[in-house]
Amino acid sequence: MLQGDFDKQIPTEAQYRDGAKLIAQLLRQEELQINDVTPHREFDAKVCSGKNFDMNELKQYV
């Protein structure tokens with residue numbers, strides 16, 4: 001899934017794809033929209049998801 005240090009590595013296509021499958025399932029289950037998906041750094045003083053993680057790319061897969 002989406003595990004790694006994305007400040008040092010670039011997520012693979014498989015990570016984006018698999019993460020998107022899970023997120024899509026959770027969005028349907030919880031009756032949420034794609035705009036409800038936000039990185040950790042929006043809620044806490046963290047650097048997640050890392051500078052190499054492209055949230056827009058993930059959302060395209062979803």
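Gln60 is found in helix α2, where helices (H or I, at least four residues) and strands (E, at least two) are DSSP runs, numbered from the N terminus. The structure is a predicted model, in which local features need pLDDT of at least 70 and side-chain atom pairs count only at pLDDT 80 or more, whereas totals for chains, interfaces and linings use all residues. Residues are numbered from 1 along each chain as its sequence is written, and side-chain values use heavy atoms, with hydrogens and water left out.

With a relative accessible area of 69%, Gln60 is exposed; here buried means under 20% relative accessible area, exposed over 50%, and partly exposed in between (1.4 Å probe, protein chains only). The C-alpha atoms of Gln60 and Leu32 are 16 Å apart in space, and the two residues are 28 residues apart in sequence. Gln3, found in the segment before α1, is likewise exposed, with a relative accessible area of 68%.

Gln15, by contrast, lies in helix α1 and counts as buried, at 14% relative accessibility. Its C-alpha atom is separated by 9.1 Å from that of Leu58, although Gln15 and Leu58 are 43 residues apart along the chain.

Two residues of the loop between the helices were also examined. Glu31 lies in the loop between α1 and α2 and counts as exposed, at 70% relative accessibility. Most residues other than glycine have a negative phi. Glu31, although not a glycine, has a positive phi of about 55°. Lys51 also lies in the loop between α1 and α2, and its relative accessibility of 67% makes Lys51 count as exposed. When residues up to four places away in sequence are not counted, Lys51 touches Phe6 and Asp7, a contact being defined by heavy atoms within 4.5 Å. Lys51 and Asp7 are 44 residues apart in sequence, yet their C-alpha atoms are 5.1 Å apart in space.

For the protein as a whole, the model has two helices and zero strands. The radius of gyration is 12 Å, close to the 11 Å that the globule rule gives for 62 residues, so the protein is as compact as a globular protein of that length; the radius is taken over C-alpha atoms, and the rule is 2.2 Å times the number of residues to the power 0.38. Taken along the principal axes, the C-alpha atoms fill a box of roughly 35 × 25 × 15 Å. Of the 62 residues, 26% count as buried. Among contacts with a separation of 6 or more, 59% are accounted for by residues 24 or more positions apart. The protein exposes about 4700 Å², of which carbon and sulfur atoms supply 47%, the areas coming from the Shrake-Rupley method with a 1.4 Å probe; for residues, only the protein chains shown count as cover.

The largest pocket has a volume of about 360 Å³. Of the 21 residues that line the largest pocket, the closest to its centre are Leu2, His40, Cys48, Ser49 and Phe53. On a 1 Å grid over the protein atoms alone, a cavity is a set of points where a 1.4 Å probe fits but cannot get out, and a pocket is an open set with protein on both sides within 12 Å along at least five of seven lines, lining residues having an atom within 4 Å of a point. Grid points are joined across faces, edges and corners, and the volume is the space filled by probe spheres set on the points.

Helices α1 (13–30) and α2 (55–61) each supply at least two residues of this lining, and the largest share, three residues, comes from α1. By residue class, the lining divides into 13 nonpolar, six polar and two charged residues, with Ala, Val, Leu, Ile, Met, Phe, Trp, Tyr, Cys and Pro counted as nonpolar, Asp, Glu, Lys and Arg as charged, and the others, Gly among them, as polar.
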